[in-house]
Amino acid sequence: MKEFLAFIIGVCFGSFANVVIYRLPRNKSIIFPGSFCPKCRHSIKWYDNIPVLSYILLRGKCRYCKKTISIRYPVVELIMGVISLMLYEKFLAHGLFCPFLFYFIFALGLVIISGIDFETFLVPDIIVLPLIPLGMVGAFLCQNFFFSKTSAETFIAISRLLYSFSGALTGGLIVALLAITGKIIYKKEAMGGGDLKLLAAIGAFLGWRGVFLSIFFGSIIGTIISLALIYSKKKKWDDYVPFGPYLAAGAIIAILYKGSYFLSLYFIP
Ligand SMILES: [Zn+2]
């Protein structure tokens, strides 16, 4: 039951992520007006705006103009639902509320960044930059820092903060190095400034070991999907593919990675 609730809450935040993914690059307000069909501009009633369910009931078509609704909507909702469920299992089910909360916000940020990067090839500063200090705040706070009485716990909290900081620095440095070598070897941008900020945010939340794990998992996923797209002739070898979504997926896997020894230095006691 609690698992189901965690899933539903995730799905609802996925629905919110969809709104941000659509409106942020178009410079539209996140709050006003209410949901509307991007094609015919007709406002959407609440019963047509239920995450995942409405998409299925409407068979993926707008009630008014009958044009297809992007598959991105239910996909983002389901992804956020599954992430929420897995974070619940990993943290909240063991009484670890603080890491659950911070990783939930982190995952939501990653989903929004991925969605926008997919469509516009840009990583939005307004989402990615606040994640960097937030990761450090999380490293400092989780472990009930303010309730700790011993100086040992204070020491642990400060060392976590430094670990988070070193992660952000490592992430930034790796991308900077890749960008320079890419420019020298391929004479074109291998990785952009957006990836630099994204990897710094990942480092702030996961520490420097997490940065390497995220790149490792992200590269595997990226290679598989790219090969599949090239094989099915949807993309060509020299097409630009945003790396942000793969890095984000790599970071999510790194959090949920079983035996995640690096987390012992970070959020988990
Ligand atoms: Zn419509």
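In the predicted model, helix α1 (residues 2-23) packs against helix α3 (residues 72-90) at an angle of about 140°, and the two axes lie 7 Å apart. An angle over 145 degrees would count as roughly antiparallel; α1 and α3 are therefore oblique to each other. Their crossing is right-handed. On the α1 side, the contact is made by Glu-3, Ala-6, Phe-7, Ile-9, Gly-10, Val-11, Phe-13, Gly-14, Ser-15, Ala-17 and Asn-18. These residues meet Tyr-73, Val-76, Glu-77, Ile-79, Met-80, Gly-81, Ile-83, Ser-84, Leu-85 and Tyr-88 of α3.

Helix α1 itself consists of 22 residues and spans 32 Å from its first C-alpha to its last, close to the 32 Å expected at 1.5 Å a residue. Its buried residues are Ala-6, Gly-10, Val-11, Phe-13, Gly-14, Ser-15, Ala-17, Asn-18, Val-20 and Ile-21. The buried residues of α1 pack against α4 as well as α3.

Helix α4 (residues 97-120) contains Ile-113. With 28 other C-beta atoms within 10 Å, Ile-113 is buried, because the cut-off for burial is 20 or more such atoms. Val-20 is one of the buried residues of α1. When neighbours within four places in sequence are left aside, Ile-113 is in contact with Val-123, Pro-124, Ile-127, Val-128, Leu-198, Gly-244 and Ala-248.

Terms used. Residues numbered from 1 in each chain as written. Predicted model: local features only at pLDDT ≥ 70, side-chain atom pairs only at ≥ 80, totals over all residues. Axes fitted to C-alpha atoms, helices over the stretch in contact; angles between N-to-C directions. Helix = DSSP H or I, 4+ residues; strand = E, 2+ residues; numbered from the N terminus. Parallel < 35°, antiparallel > 145°, perpendicular 65-115°, else oblique. Left-handed = near helix turned anticlockwise from the far one by under 90°. Contact = placed C-beta atoms within 7 Å. Buried ≥ 20, exposed ≤ 12 C-beta atoms within 10 Å, placed from the backbone. Expected span 1.5 Å × (residues − 1).
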